[in-house]
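Have a look at the structure first, and then we can walk through the contacts together.

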Amino acid sequence: MSVVALVPAAGRGERLGSSVPKALVLVRGEPMLVHAVRGLLSAGCVRRVVVAAPEAEVHTATAVLSAAGVDALVVSGGQCRTQSVHLALRAAMADAPDTTVVLVHDAARAFTPPSVISAVVEAVQNGAPAVVPVLPVTDTVKRVDSTGAVVATPDRSDLRIVQTPQGFRLDVLCRAFEAYPNDTTTDDAGLVERLGVPIITVPGHPNALKITTPFDLAVAEAVFG
Ligand code: CTP
Ligand code: MG
């Protein structure tokens, strides 16, 4: 089966507060995007990577990847993550028409271990229509109302934190985007779930954390590489 990875990297990184788009922020001397794409390729099961970069940064993203010797097609992303993924999906289908399995992987999860990537691919190749890597929730979780008052304490034993890459059969992901073209969810599997398609989980990894805040960046600088 031919596997393509889509890398949404078109966000601005407002919570990180950097002057350049988040995917181009250096971690351990290289842009987050370079780490993320290199990780996908090093898993050994991904044939092609398509990156959705901010419109104004397509050339820069292409240049930093090629300077690092990392092969990927870079296209313009959209206003929200779903749009960026959709644009990358269309480009991937034109670029690699024999694709049967699609991974969607946040550039911001720059240090995801290759073992997580290959576990997701294997699960799809073994017949799952949709696969997400997950971790158990270690903190107690509260549901609150608009004033911040606690209204419920869900049982955390059946809650999971969801990471990427998320893996899909190509036809399933295409159907999800056709059904919900204007959705602004941050989770591709959420669209597939609404189609009623079963989604299975595989173990995620703490190193697949999404670099979102300056604290996360400091953790990545200190721990990964
Ligand atoms: N993303 C994207 N296109 C968008 C918005 C987000 O491709 N219009 C990507 C980001 O580049 C990132 C991933 O989706 O790799 C996860 O999003 P997030 O961590 O929220 O990144 P940002 O949107 O850049 O950060 P923030 O929400 O703090 O602005
Ligand atoms: Mg965002």
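An oxygen atom of ligand 1 lies 2.8 Å from a side-chain N or O atom of K210. Please keep in mind that this is a predicted model. The points below start at the ligand and then move on to the salt bridges.

**Polar contacts of the ligand**
- The backbone takes part as well: a polar backbone atom of P8 is 2.8 Å from an oxygen atom of ligand 1.
- For A9, a polar backbone atom is found 3.2 Å from an oxygen atom of the ligand.
- On its own, ligand 1 has 560 Å² of accessible area, and the protein covers 87% of that.

**The ligand's surroundings**
- Ligand 1 has 18 residues around it, and those that come nearest are P8, E14, K22, S84 and K210.
- Sorted by class, this shell holds seven charged, six nonpolar and five polar residues.
- If you are browsing the pockets, the largest is the space that ligand 1 takes up.

**Salt bridges**
- The model has a count of ten salt bridges.
- One of them joins the side chains of R81 and D188, with an N to O distance of 2.9 Å.
- Which parts does this pair tie together? R81 belongs to helix 3 (residues 81–95) and D188 to helix 6 (residues 188–194), so the bridge links parts that are 107 residues apart in sequence.

Definitions and conventions. Residues are numbered from 1 along each chain as its sequence is written. Chains are lettered from A and ligands numbered from 1 in the order in which they are written. This is a predicted model: local features need pLDDT of at least 70, side-chain atom pairs count only at pLDDT 80 or more; totals for chains, interfaces and linings use all residues. Side-chain values use heavy atoms; hydrogens and water are left out. A residue is near a molecule or strand if one of its heavy atoms lies within 4 Å of it. A polar contact is a pair of N or O atoms within 3.5 Å; within protein, one must be able to donate a hydrogen and the other to accept it, and residues adjacent in sequence count only if both atoms are side-chain atoms. Accessible areas come from the Shrake-Rupley method with a 1.4 Å probe; for residues, only the protein chains shown count as cover. On a 1 Å grid over the protein atoms alone, a cavity is a set of points where a 1.4 Å probe fits but cannot get out, and a pocket is an open set with protein on both sides within 12 Å along at least five of seven lines; lining residues have an atom within 4 Å of a point. A molecule sits in a cavity or pocket if more than half of its atoms lie within 2 Å of its grid points. Ala, Val, Leu, Ile, Met, Phe, Trp, Tyr, Cys and Pro count as nonpolar, Asp, Glu, Lys and Arg as charged, and the others, Gly among them, as polar. A salt bridge is a side-chain nitrogen of Lys or Arg within 4 Å of a carboxyl oxygen of Asp or Glu. Helices (H or I, at least four residues) and strands (E, at least two) are DSSP runs, numbered from the N terminus.
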